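Subject: Structure for your files

Dear colleague,

Here is the structure we discussed. My notes follow below it.

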Amino acid sequence: MLQIDSLSKTYRTGDKALTDISLSVPKGQIVGLIGPSGAGKSTLIRCINRLVEPTEGRILLGDSDLARLGKRPLRRQRRRIGMIFQEYALVERLTVMENVLSGRLGYVPFWRSCLRRFEPHDVRRAYALLDRVGLLQHADKRADALSGGQRQRVGIARALAQEPELLLVDEPTASLDPKTSRQIMRLLTEICAERKLPAIVNIHDVPLACQFVQRVVGLSAGKVVFDGDPSTLDETALSTIYGADDWHAMQQESRDDDEAESALRLVGVGT
Ligand SMILES: Nc1ncnc2c1ncn2[C@@H]1O[C@H](COP(=O)(O)OP(=O)(O)OP(=O)(O)O)[C@@H](O)[C@H]1O
Ligand SMILES: [Mg+2]
């Protein structure tokens with residue numbers, strides 16, 4: 001369970017990116033974090049694992065307050081948090097398997113990691129994870145030889161190799177086509193349910209979020225302005241999050257995208 005209490009962040013530049021955010025995410029729940037550009041979605045995710053230092057507030061994961069930890073304990077606690085990024089952040093010249101094993105680095109002594117020697121049970125677990133994300137047959141391929149969807153699957157397997165207690169996901173599908181995006185969201189939601197992992201997924205695509213997450217949190221100018229079931233995310237709520245004009249513009253864009261997707265389907269390409 002993750003519990004955030006009164007979290008605020010003001011950057012040195014004076015930008016107040018988050019104001020008094022309180023949020024708790026129980027085990028197994030996946031929260032879709034939505035909001036316009038600059039709303040503070042990435043800042044929130046980064047404050048939780050302290051890539052960005054919170055200005056005020058508490059971030060409780062189990063018993064420890066992540067916001068207060070010193071360097072060493074922070075490093076230990078970070079192992080408990082799996083991160084998945086839009087740009088995958090894979091090591092291109094390493095194999096799929098090596099990338100997944102790198103998720104174990106926080107647990108392996110430094111000299112072993114230099115020699116890239118991993119325990120047999122780590123290797124067995126990595127194979128099992130690759131099987132789970134559907135990449136077993138690609139284990140020995142170099143990361144740079146994979147498609148975007150496959151790369152994101154490696155990113156997911158690597159995060160899981162850490163045996164995390166929380167997943168933080170920053171725009172996992174932003175570089176992917178619609179069909180692959182749905183596959184990745186489905187995989188993420190299934191995995192969170194199977195492993196009883198709480199997760200926060202920062203996502204731009206509102207319909208995609210609503211299709212897969214159990215709860216939506218809407219941020220606007222650094223504040224939570226919506227928190228509820230996706231089915232209650234109506235026109236009024238969306239206008240509050242995005243501003244009425246922007247929301248109507250987004251609807252039009254999404255209609256255009258749908259038309260483009262249908263056109264591709266008609267000619268037998270894509271979804
Ligand atoms: N390193 C930084 N220094 C100063 N201000 C920052 C920094 N990072 C973000 N900000 C500011 O904090 C606010 C929130 O930014 P953030 O990146 O969290 O938004 P976001 O919701 O993730 O946006 P996007 O959807 O475009 O990724 C913005 O006003 C941004 O300009
Ligand atoms: Mg962002």
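In helix α7, the buried residues are T180, S181, I184, M185, L187, L188, T189, I191 and C192; buried means under 20% relative accessible area, exposed over 50% and partly exposed in between, with a 1.4 Å probe and protein chains only. Helices (H or I, at least four residues) and strands (E, at least two) are DSSP runs, numbered from the N terminus. An α-helix has 3.6 residues a turn, so residues three or four places apart point the same way.

This is a predicted model, in which local features need pLDDT of at least 70 and side-chain atom pairs count only at pLDDT 80 or more, while totals for chains, interfaces and linings use all residues. Residues are numbered from 1 along each chain as its sequence is written, chains are lettered from A and ligands numbered from 1 in the order in which they are written, and side-chain values use heavy atoms, with hydrogens and water left out.

At the N-terminal end, D177 caps α7 with a side-chain oxygen 3.1 Å from the backbone nitrogen of K179. After α7 comes K196, with a positive phi near 55°.

N202 is part of strand β8 (residues 199-202). N202 counts as buried because its relative accessibility is 0%. Its side chain makes a polar contact with the side chain of D170, at 2.3 Å; a polar contact is a pair of N or O atoms within 3.5 Å, and within protein one must be able to donate a hydrogen and the other to accept it, with residues adjacent in sequence counting only if both atoms are side-chain atoms. Beyond its neighbours within four places in sequence, N202 has contacts (heavy atoms within 4.5 Å) that include K41, S42 and D170.

On to the ligand. Around ligand 1 there are 14 residues, of which S37, G38, K41, S42 and T43 come nearest; a residue is near if one of its heavy atoms lies within 4 Å. Helix α1 (residues 41-48) supplies the largest share of this shell, 3 residues. Oxygen atoms of ligand 1 lie 2.8 Å from a backbone N or O atom of G38, 2.9 Å from a polar backbone atom of S42 and 3.1 Å from a side-chain N or O atom of H204.

Regards
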